[in-house]
Amino acid sequence: QTQTGDGNIAENEQFGNRNNNQMTQTGNGNYAGAGQYGNDNTSFITQLGNSNGALTLQFGNFNGSLVNQTGDENTSLVGQDGNANNSVVNQNGFSNESLVEQLGNNNSSGVAQMGDDNVSYVGQLGTLNNSSVFQDGNNNDSYVLQDGMGNFSDVKQIGNENGSEVYQTGDGNISGVVQTGFMNTSFVNQQGNGNGSTVLQTGA
């Protein structure tokens, strides 16, 4: 762990073999925590700014988590339970929130938040699910829940106060959501196998 500033806290707990955890904090009042329970898990947390918080919990083997936060009062929580799950979270701005939960094997999640007061939730249950969330603006909300195998979700929000919800249950479902502008709302619910959905919302 590397810390520069005042009032920073770094906590690490490891049970198992060959787990790797690295934390770098620059600023004041930041918190970084990691718990690794299994073998060959990797966690990287980098925070630049003030009053940011990041917590990664990994249960199982060969899970990987990367969290980068730049700005103030950003929050990231990553929970992985299974094997070979991967999560990447990048936050740049003020008071962004990201929650990633992966239960199963070989799931992949990427979250990028740029701006202020954006909120992202990604839940993946099963195997080989893939989710990508990109938020550029302020006060955007994204909720993605995938339960099954081989589902894919891509959400892009560019603007302010956009809201997106994606629910996929089954196998091999694909969802794409693009929102640009102000105060767009999208709801996608797919249950079954091999379904496809595309949503494009543009505004001022």
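**Ground rules**

Buried means under 20% relative accessible area, exposed means over 50%, and partly exposed is what falls in between, with a 1.4 Å probe and protein chains only. I'm working on a predicted model, where local features need pLDDT of at least 70, side-chain atom pairs count only at pLDDT 80 or more, and totals for chains, interfaces and linings use all residues. I number residues from 1 along each chain as its sequence is written, and side-chain values use heavy atoms, with hydrogens and water left out.

**Entry: the aromatics**

I searched the whole structure for aromatic pairs and got five. For a pair, ring centres of Phe, Tyr or Trp (its six-membered ring) lie within 6.5 Å; planes under 30 degrees apart are stacked, over 60 edge-to-face, and the rest tilted. Tyr37 and Phe59 count as stacked because their ring centres are 4.9 Å apart and their planes sit at 20°. Tyr37 is in strand 4 (residues 31–39) and Phe59 in strand 6 (residues 53–61), so this pair ties together parts 22 residues apart in sequence. Strands here are DSSP runs of E, at least two residues, numbered from the N terminus. Phe59 is partly exposed at 37% relative accessible area, and Tyr37 is partly exposed too, at 24%.

Next I looked at Tyr167 and Phe187: the centres are 5.5 Å apart with planes at 45°, so I logged the pair as tilted. Tyr167 belongs to strand 16 and Phe187 to strand 18, so the pair links parts 20 residues apart in sequence. Is Phe187 buried or exposed? Phe187 counts as exposed, at 53% relative accessibility, while Tyr167 is partly exposed at 23%. I also noted one aromatic cluster made of Tyr121, Tyr143, Tyr167 and Phe187.

I traced an open sheet of nine strands, in the order 2-4-6-8-10-12-14-16-18, with parallel pairing. Two strands pair if DSSP finds at least two bridges between them. Strand 2 (9–17) and strand 18 (185–193) are the edges; each has a single partner strand, so one side of each has no neighbour in the sheet. Neighbouring strands here are turned by 0° against each other on average, direction ignored. The axes are lines fitted to C-alpha atoms, and angles run from 0 to 180 degrees between N-to-C directions. Strand 16 (residues 163–171) pairs with strand 18 over nine bridges, in the parallel sense. Glu165 stands opposite Phe187 in strand 18.

I then followed ten strands in an open, parallel sheet, ordered 1-3-5-7-9-11-13-15-17-19. Strand 1 (2–4) and strand 19 (196–202) are at its edges with a single partner strand each, so one side of each lacks a neighbour in the sheet. Strand 11 (residues 108–116) and strand 13 (residues 130–138) run parallel, joined by nine bridges, and Gly110 stands opposite Ser132 in strand 13.

I checked Ser153 in strand 15 (residues 152–160). Ser153 is buried, with a relative accessible area of 0%. Beyond neighbours within four places in sequence, its contacts (heavy atoms within 4.5 Å) include Ser132, Gln146 and Ser175.

Ser43, in strand 5 (residues 42–50), is buried at 1%. Outside four places in sequence, Ser43 touches residues including Asn21, Gln36 and Ser65.

Ile174 lies in strand 17 (residues 174–182) and is partly exposed at 46%. From Ile174 to Gly192 I get 18 residues in sequence and 11 Å in space, C-alpha to C-alpha.

Methods. Helices (H or I, at least four residues) and strands (E, at least two) are DSSP runs, numbered from the N terminus.
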